[in-house]
Amino acid sequence: MLEKVNLHSRQHEQFRADVIEGLSASRKMLPCRWLYDDRGSELFEQITKLPEYYPTRTETGILKARAEEIAAFCGERAVVIEYGAGAGVKTEILLGALTNPALYMPLDIAGDFLAASAARIEGRFPYLEIRPLVADFTDDFELPADLPKLPPRVGFFPGSTIGNLAPLDAADFLRRVRGHVGKDGRAVIGVDLKKDLSVLLRAYDDGAGVTAEFNKNLLRRINRELDGNFDLEGFAHEARWNARNSAVEMHLVSLRRQSATACGRRFSFALGETIHTENSRKYSLEAFRRLAERAGWRVEQVWTDPDRLFAVIGLC
Ligand code: AVJ
């Protein structure tokens, strides 16, 4: 319990520090991890069901259609380490297809969330050993020393969350996974592919306005948790393509000259000035292969959908 309280106050301090730093910068930005409070996670769930948001549906379709091949790639008695425990259905498809998986270890920073998703998996796979681990997978950390060494270890990272990371961080992440699974280990990574811009931008600016709500919820969170007074009507959601970074960016655009306070400080906005709230990088298969190779991996398998919207990539 004490640990939980400490974790909460550490998170709160980090949020505060990120808001002060990010909103004081000449180009205002906030790390996208803060989008996911309870309301934000619920809104993201809704996004995954929108007609315009193709990634979740497409990746789930690939995992279902290619489950046997993916399971064969992972090998028998696999130890599955999942980076982030939010993938529910996708995890169930993979675990359900594997032959005698030895262990499932979901990693997440949110302890409550982790416990809930571990309990759900346990209900579905009563004979599978499950060991949730509270960890921030964007930081270096060691796996417990008593994990089975013999069976193949597989790092699972669906959802194209790797697209949120800048290339150097993505390479660090893939190197860390290599360290965790060892030289004979494997990884199965979900990667959103580069495609027609109108398709991409619609996926991040849907007609029902759910993504706009998701983005603006960050201001709501600042108001609630950091004693802010942002006027939500004074900002608009915008999805932009950044060609240089091959990324869809989310911004909150100030609709007038205004200022707002939070954390006991005042932040001023010019008309049209933005807060950059997320990067979602889109890879070509070639660019992802280069990234993987820089991080000590070889692309062994590429499973994709007929329209090549999304790829599930098997690394070894
Ligand atoms: C959860 C990071 C994969 O980048 O597509 C969805 C988040 N942002 N709509 C993505 C998101 C806006 C999503 N990821």
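I am working from a predicted model, in which local features need pLDDT of at least 70 and side-chain atom pairs count only at pLDDT 80 or more, while totals for chains, interfaces and linings use all residues. Residues are numbered from 1 along each chain as its sequence is written, and side-chain values use heavy atoms, with hydrogens and water left out.

**Whole chain**

I looked up the secondary structure and found ten helices and 13 strands; these are DSSP runs numbered from the N terminus, with helices being H or I of at least four residues and strands E of at least two.

I checked the radius of gyration, taken over C-alpha atoms, against the globule rule of 2.2 Å times the number of residues to the power 0.38. The chain has 20 Å, which agrees with the value near 20 Å for a compact globule of 316 residues.

I noted that 51% of the 316 residues are buried, meaning under 20% relative accessible area with a 1.4 Å probe, protein chains only.

**Helix α6**

I then turned to α6, residues 111–124, which has 14 residues. From first C-alpha to last it reaches 20 Å, close to the 20 Å expected at 1.5 Å a residue; the expected span is 1.5 Å times one less than the number of residues.

Which residues of α6 are buried? I found L114, S117, A118 and I121. They lie on the same side of α6 because they cover an arc of only 105° around the axis, the arc being that of the directions from the helix axis to the C-beta atoms.

The buried residues of α6 pack against α5 (88–97), β2 (103–108), β3 (129–130) and β4 (133–134), with contact meaning heavy atoms within 4.5 Å.

Technical notes: Buried < 20%, exposed > 50% of the residue type's maximum accessible area, 1.4 Å probe, protein only.
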